Amino acid sequence: MIPFHYARANDVADAVRMISADPAAKFIAGGTNLVDLMKENVERPSRLIDISRLPLDTIEPTADGGLRIGALVPNSDLAYHPLVEQRYPLLASAILAGASAQLRNMASTGGNLLQRTRCAYFYDTVTPCNKREPGSGCSAIGGINRIHAILGTSENCIATHPSDMCVALAALDARVRVTGPAGERAMAFDDFHRLPGDTPQTDTNLLPDEIVTAIELPALGFADNYSYLKIRDRLSYAFALVSIAAALELEGGAIKQARLALGGVAHKPWRNTAAEAALRGQRADQASFSRAADILLRDAKGYEHNAFKIELARRGIIRTLTQAAQATPQSQYDKKIR
Amino acid sequence: MAQRGAAQRSNDPVPLPGKIPISLVVNGVETALKVAPWTTLLDALRDNLELTGTKKGCDHGQCGACTVLVDGRRVNSCLTLAVMKDGARVTTVEGLATKDALHPLQQAFIDHDAFQCGYCTPGQLCSAAGLIAEGNAKTPDQIRELMSGNLCRCGAYPNIVAAIQQAMGTNS
Amino acid sequence: MTSYIGTATSRVDGRAKVTGEARYAGEFKAIRLAHAAVVESAIPKGRISRIDTGAARRVAGVLDVLTHENRPRMADTDKAWKDDVAPEDGSPFRPLYDDRIMFSGQPIALVLGEDWETARYAASLVDIQYDKQDFVTDLRQQHDQAFVVEKPDKPHGDADKAFAAASVRHEAEYYIPTEHHNPMELFASTVVWDGGGKLTVYDKTQGVQNVQRYLCSVFDKAPDDLRVISPYVGGAFGAGLRPQYQVVLATLGALALRRSVRLVLTRQQMYGLGYRPATIERLALGASANGTLDALTHEAIAVTSQFEEFSRNDTGWAALLYKSTNANYVHKLARLDLPTSSDMRAPGAATGVYALECAMDELAIALKLDPVELRLRCYSDRDQNEDLPYTSKALRECYRQGAEAFGWKARKAEPRSMRDGSDLVGWGMATGVWEALQMPMAVRIVLGANGHAEVFCAASDIGTGTYTIMAQVAADALGLPIDNITIRLGDSTLPQAPVEGGSWMAASTAHAIAATAEEIRGELLALAKRIKDSPLADARPEDVALADGRLVSKLDASRAISIADAMRSGAIERIEKEKTNTFAEDKKHARNTHSAVFAEVKVDEQLGVIRVTRVVSAVAAGRILNAKTAHSQIMGSVVWGIGMALHEETVFDHRFGRIMNANIAEYHVPVNADVHDIKVIFVDEPDDLVNPMGIKGLGEIGIVGVAAAIANAVYHATGKRIRDLPITLDKVMR
């Protein structure tokens, strides 16, 4: 860690003022990712602005039947909140698939969105990495890339976003509320995270002087037909090779609405509305699911060690959609894949 | 290795940000200390307060050996900056037993031989105490999953699960 | 008087460990303690052309920065740097010795500061320029350059010819990647400056006296001036057999500052220590149609460093298990620009027997024989390397009891023939074998008139339960309640002990205690005889025993004298005896432990996700001293086997010669959710030949064969033979 100054923000406006005054400062809430990266000398903030005591820790129903989740709600509180368990069990399940109980107790909702990649080269300051040091090159391309992206990559970066929670939020069509010097704005979840392109150092479209204040979920929670399936190298406490959030609204045997988002495959939680559209009006069966998987993975590209992810994702999508259709969501406890 | 931050050219000593006074209630005892912003709760406990029961196994939130209870919730103290916890109640392994008796989890860990080298044990115990307080684990599968943030390289896992069941009173 | 030996006794150090009172190397207090941080090499090979510590030194709170240019004096001969268990051939690594870089992660500077974060920050400011040299870190790239190591395993017959003539043949290559021990405790040393050049070194080690001799040699210290202490060790698994570089650096720091220094390595830096060498194993088995082995060739190519030759026996195990008239063994080493490889739980056997037992499974399939049946047909009652009978070998009983407990007879032979819904179910088995070793060792016992005894020995307890079994043995030998026994370990000033490794500690400590207790008993008897009208006046030493705090005649239990009375007669408060036990040499028997491991896996047919749902390990290891801690040792070893089979792999980027998962998030070891039903069976194996108490040791045997049993189960489930560990789901899907 490099030396840094510490300051505590008293309210959101204060936090925005403080970050605007010091471009090298960073907000800290749960700290689970930031402190880790600071110890690796990857993150080198001049100042930490402690936002952990801001009053952004409530979960409240919204007027339109949705839910507003304060940015500082710990992941575990969110996962076990009765309204989330009842109305958005996909979100609860995804959260419980991530990290450990301790980390979920610490990690904030907003911070989860801002997690940085687990790419080994991003972490290793000795090796080139465009995300850490723009222009230095991407070591993962041509290097160790088993956990890396198969969708939306660029020649500059093939890192993945490591969150599980965000995959569910993408599928649930969440909105992100942020506050900056110019006031408040809302972003569609899909607009929040970026693809690497030629600026992989920038993970999100959050402006440097903005703070995430809340996540909003629309009324539709897909509580009846959903599943979150995380596939990884050990049965718990490991980052996803591929994870799939699937949610269906069924009418008779037909799909009225479908949501499908993937983790571990791209620089952002990967949602493909064309694949979802292809499911609409179709029978909830293997053939429909297979077609959707093909559409979603049409442009997938593998590298030396991660090409298996394309087929894994294809099979995983079909499986997760089947779990959702049959209302037998994947348990995060019993590790048998239903 | 490109060493950024080595830009300082003069021979003046590089001053470090000053220490900040905080107070913690550690195992029930009101404790005042001064910590640098970069001091983790783990290092504050081990180095400043000499409470070395809490272990450093990875320092990156990957092993759970540093687990303590902060305001009753289990957290990784290695990723917690002490300065952010000013005013918090902290329970470490040293605070589990009463003067007269071991905590039921401690006794259960001994009874079930839920450790070998003992290094992960304080973290396992605090994590298990947190787990029981959370109330989300009823079945062995749930205990296994919700204790998976605590690595045990000696491989005592089945005994840890049995010990937790005993302490929960679900061990038939 | 109850006997403690053999019972399920709870750990005597349990309370210290569950309360946080047990102190490990990095936790000892010292006045004016300085904290150290290591700067590592970013390149695998070359020379340091310039090292600028100016920026680091300017950080407030930095006390000094040591490099090869300014460090205190250290020895300059290989001999001086050779520890007790160093490889015979080569030049041991010398940290901060000169400008040479021999591996990525090599320590090249030590920052000493008032606190840890200050030292670590300053370490990041040390500026190093290198003259880089070409390097190689990939075994696959270097195995053609491998050279043959002299091994004791003698070939017999003509394996090549017999293989060519065999009616059923199996030939394949297996691969075990580099693995790291990753004990939970970080490697740490606290060196306390006692003044006048005297040092007390608290070190994470499996051998305090090895470290003590090594440091005295490296720093030219008199033995009385340097004491090494290590009462508790947070796991080691072989990583702590040799003194690690942090103890050298912490000592250097203390000598430079003339004050106490603590150095705790980071988890990342521990990947710059030893490791289980990546190994290529080639097996060629030829059999006749009835399932007898005609030909057996086992070739291993393992990794060592450029500067030392570390080699363990991968290839000699088949001759201990299976009859074959024609056998040949080749063991080679490949030099890479890495630290020297090292012992890691069951070194040689964990890897070699993995390959052997997978090959046997493949041969069984080729022969259309049940895997257990093949092993029984090839079963050898003699060690064919030395052509010796065993002191005991209850392996047949391991197969029988293990198979029965597992329910093996319900197995359908055909791969992919057993299912549980969407899971393919696989049942696999394998054999394990290790050596029953024992070492000379000394113990001091101090018995007080109050019936309390202290037992002293320099040995380490790395979590195996040494404290507890020693207390059990001492309680029985002295006829005292176990609560009256205090065991003191891990101090170089205590009676001589070997490093804690090789599964020899149980037998060695138990016999040393028994021998010393016998001296105590002799002295007590002499005292007892002096009592007027002593009921033991005519008793011979061999006819008396210590029981219930008394000296009792074995011939007439009514003849007894309490310990307190005996001591009172001599007007003494305590008896102190120290004795070194050595074992009679027996060149007429082979001495081994054995096991049969049965594993069930469930593999998701589409996604390749593997769960090890059941393991039964039936172990024959002579007398089991403590049913509880012994169970834990085997269970823990099975967990290691699960990790070896499915998770563990140190991943290198050979372009940089660097490890890319030098952490414990992406170097996967099993977590709680990965471990399910593990059943441990200790097969009765009385053995009065191996040693008087019939003890064989348990530290290694539990891991041997586990990875093979799981790999064989994965094949049985899926029909896919994966020979390269770890078996990850992408390999299953392929």
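1. The largest cavity in this predicted model holds about 340 Å³ of space. Its lining is made of 26 residues, and those nearest the centre are C:F93, C:R242, C:P243, C:Q244 and C:E308. By type, the lining of the largest cavity has 15 nonpolar, 7 polar and 4 charged residues. At least three lining residues come from domain 1 (34-134 + 184-236 + 240-270) of chain C, and at least three from domain 2 (276-437 + 587-733) of chain C.

2. The second largest cavity has a volume of about 240 Å³. It is lined by 20 residues, with B:D43, B:R46, B:K56, C:R262 and C:V264 closest to its centre. Two or more lining residues are given by each of these elements: helix 1 (41-48) of chain B, and strand 1 (34-40) and strand 12 (261-264) of chain C. This lining divides into 9 nonpolar, 3 polar and 8 charged residues.

3. In total, the structure holds 13 cavities of 30 Å³ or more.

4. Nonpolar side chains tend to be buried together in soluble globular proteins. Here the largest nonpolar core has 402 residues. The residues with the most contacts inside this core are A:L91, B:F109, C:L215, C:Y354, C:I485, C:L524 and C:I710.

5. Leaving aside neighbours within four places in sequence, C:Y354 is in contact with residues including C:Y174, C:Y175, C:I176, C:M644 and C:L725. Among its other contacts are C:R723 and C:D724.

6. Another core, of 16 residues, lies apart from the largest one. Its members include A:F27, A:A29, A:I49 and A:L54.

Notes: Residues are numbered from 1 along each chain as its sequence is written. Chains are lettered from A and ligands numbered from 1 in the order in which they are written. This is a predicted model: local features need pLDDT of at least 70, side-chain atom pairs count only at pLDDT 80 or more; totals for chains, interfaces and linings use all residues. Side-chain values use heavy atoms; hydrogens and water are left out. On a 1 Å grid over the protein atoms alone, a cavity is a set of points where a 1.4 Å probe fits but cannot get out, and a pocket is an open set with protein on both sides within 12 Å along at least five of seven lines; lining residues have an atom within 4 Å of a point. Grid points are joined across faces, edges and corners, and a volume is the space filled by probe spheres set on the points. Ala, Val, Leu, Ile, Met, Phe, Trp, Tyr, Cys and Pro count as nonpolar, Asp, Glu, Lys and Arg as charged, and the others, Gly among them, as polar. Domain bounds come from an automatic or database domain assignment. Helices (H or I, at least four residues) and strands (E, at least two) are DSSP runs, numbered from the N terminus. A nonpolar core is a set of buried Ala, Val, Leu, Ile, Met, Phe, Trp, Tyr and Cys residues joined through side-chain atoms within 4.5 Å. Buried means under 20% relative accessible area, exposed over 50%, partly exposed in between (1.4 Å probe, protein chains only). Contact means heavy atoms within 4.5 Å.
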